[in-house]
Amino acid sequence: MDATITCELHLRLILSSEFSLPVRASLRYDTADPYAVHAAFHTGTDEAVEWVFARELLTAGLHRPAGIGDVQLWPCRSHGLDVVCIALTSPEGEALLHAPARVLEGFLERTSAAVPPDTEPGHLCLDEELSRLLAES
């Protein structure tokens, strides 16, 4: 049976070394899509900015620099707190966010309890995925 795990995060959008803005984010993990974490960043507009991250990338970013290209993560401290820096790049621009490491780690632990790492292939239904892909084309 598929399950969904969610988490609400309060991030900081870093604008300069002295100035940042709060950003609310919603994380969603669906065991039917066991490799991905869907993030919706609520920036104050009507529509959220949505990104999809590899769960493995988020987990790695808790402990060491991870990612290349459009998404890069690394652990650091900000104002005495452990955070994960998330650098995002798109054609629309760039953003540097600070996520509370403890909250992100708790969310990822819950996803690992639902689908242990390296067992993701056993949670995929290839017939459903193929049907979905064919319907989109």
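Biologist: How many bridges join S2 to strand S3?

Modeller: Two strands pair if DSSP finds at least two bridges between them. Here five bridges join S2 to strand S3 (residues 36–42), and the two run antiparallel. Strands are DSSP runs (E, at least two residues), numbered from the N terminus. This is a predicted model, in which local features need pLDDT of at least 70 and side-chain atom pairs count only at pLDDT 80 or more, while totals for chains, interfaces and linings use all residues. Residues are numbered from 1 along each chain as its sequence is written, and side-chain values use heavy atoms, with hydrogens and water left out.

Biologist: Which residue in S3 stands opposite Ala-25?

Modeller: Phe-41 stands opposite Ala-25. S2 and S3 form a hairpin, and five residues lie between them.

Biologist: In which sense do strand S1 and strand S2 pair?

Modeller: Strand S1 (residues 4–14) pairs with strand S2 (residues 20–30) in the antiparallel sense, over eleven bridges. Leu-13 has Leu-21 of S2 opposite, and a hairpin of five residues joins S1 to S2.

Biologist: Which residues have the most contacts inside the largest nonpolar core?

Modeller: A nonpolar core is a set of buried Ala, Val, Leu, Ile, Met, Phe, Trp, Tyr and Cys residues joined through side-chain atoms within 4.5 Å. Buried means under 20% relative accessible area, exposed over 50%, and partly exposed in between (1.4 Å probe, protein chains only). The largest nonpolar core has 30 residues, and those with the most contacts inside it are Leu-11, Leu-27, Phe-41, Phe-53, Ile-86, Leu-88 and Phe-107. Contact means heavy atoms within 4.5 Å. Not counting residues up to four places away in sequence, Phe-107 touches several residues, including Ile-5, Cys-7, Leu-27 and Val-37.

Biologist: Why is the pair of Trp-51 and Phe-53 stacked?

Modeller: Rings of Phe, Tyr and Trp (its six-membered ring) pair if their centres lie within 6.5 Å; planes under 30 degrees apart count as stacked, over 60 as edge-to-face and the rest as tilted. The count comes to one aromatic pair. The ring centres of Trp-51 and Phe-53 are 6.4 Å apart and their planes lie at 15°, so the pair is stacked. Both Trp-51 and Phe-53 are buried.

Biologist: How many disulfides does the structure hold?

Modeller: A disulfide is a covalent bond between the sulfur atoms of two cysteines. The cut-off is a pair of cysteine sulfur atoms within 2.5 Å, and the structure holds zero disulfides. For Cys-7, the nearest cysteine sulfur is that of Cys-85, 18 Å away. Cys-7 is buried, with a relative accessible area of 10%, whereas Cys-76 is partly exposed at 23%.

Definitions and conventions. Helix = DSSP H or I, 4+ residues; strand = E, 2+ residues; numbered from the N terminus.
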